[in-house]
Structure formats: structure tokens, C-alpha cells
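Welcome, and please take a moment to look over the model below.

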Amino acid sequence: MCALVSKARNLVVIITLKSSGQSFAARIVDYDDDFIEVLVRLNKNGEYVKKREDFVNGDGETQDRILVAIADISTIS
């Protein structure tokens, strides 16, 4: 997983979580053996944007950095 995360660093990806099935667009900022730090954008309802286009075109939207447990990631696409 860390090799994939390393290659995807600074790209906008779609992350799907195992625990909730939630998917969201994010830019991978940093990672270690247990967590990845990602930059996400929030829509007007306070939810994470789900599409790459919304992330890239959301210049005026609120941004946040979150930690995601690598063990909780189902897919990165």
C-alpha cells in the first residue's frame, strides 16, 4: 500500500473507506506506515466532495487536512 501511496502523492485521488463505504476526493500530502495525511475539500453542506472535478474546481470551497488509517482504506483510484 505504501508504494501506491508514494506514487499517488500530490495527485487528486478517490479514496474509499472499508469501515463506512464512504468515498471522497483527496490530495495525498504525506504518509507513514499507519496513516496518510490528505487534503480534502468540503462542499456547502460540510461534506467531503466525492468527484475529482469538484475537488479541482472547488477553489473557493473550504479545505481541511485529515488523517486516514491505511488499514481502513478499501481502494485508492
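R41 counts as buried because its relative accessibility is 7%; buried means under 20% relative accessible area, exposed over 50% and partly exposed in between, with a 1.4 Å probe and protein chains only. This residue is found in strand β3, and its side chain reaches the backbone oxygen of F55 at 2.6 Å.

A word on the ground rules: this is a predicted model, in which local features need pLDDT of at least 70 and side-chain atom pairs count only at pLDDT 80 or more, while totals for chains, interfaces and linings use all residues. Residues are numbered from 1 along each chain as its sequence is written, and side-chain values use heavy atoms, with hydrogens and water left out.

**The sheet**

Strands here are DSSP runs of E with at least two residues, and helices are runs of H or I with at least four, numbered from the N terminus. Five strands form an open sheet in the order β4-β3-β2-β1-β5, with antiparallel pairing; two strands pair if DSSP finds at least two bridges between them. At the edges are β4 (62-69) and β5 (73-76), each pairing on one side only. From one strand to the next, the twist averages 45°. Within the sheet, β1 (residues 12-17) and β2 (residues 23-31) pair in the antiparallel sense over 5 bridges, and T16 has S23 in β2 as its bridge partner.

**The cores**

A nonpolar core is a set of buried Ala, Val, Leu, Ile, Met, Phe, Trp, Tyr and Cys residues joined through side-chain atoms within 4.5 Å. The largest one has 16 residues, of which I15, F24, I36, V38 and V68 touch the most other members. Two or more residues come from each of α1 (2-8), β1, β2, β3 (35-42), β4 and β5. Apart from it lies another core of 6 residues, including V12, L39, V49 and F55.

**An aromatic pair**

What is the angle between the ring planes of F24 and Y48? The planes lie at 55° and the ring centres are 5.3 Å apart, so the pair is tilted; rings pair if their centres lie within 6.5 Å, and planes under 30 degrees apart count as stacked, over 60 as edge-to-face and the rest as tilted. F24 sits in strand β2 and Y48 in the loop between β3 and α2 (52-57), 24 residues apart.

Here are the accessibilities of the two partners:

| Residue | Relative accessibility | Class |
|---|---|---|
| F24 | 1% | buried |
| Y48 | 24% | partly exposed |

Methods. Axes are lines fitted to C-alpha atoms, for helices over the stretch in contact, and angles run from 0 to 180 degrees between N-to-C directions. A polar contact is a pair of N or O atoms within 3.5 Å; within protein, one must be able to donate a hydrogen and the other to accept it, and residues adjacent in sequence count only if both atoms are side-chain atoms. Rings of Phe, Tyr and Trp (its six-membered ring) pair if their centres lie within 6.5 Å; planes under 30 degrees apart count as stacked, over 60 as edge-to-face and the rest as tilted.
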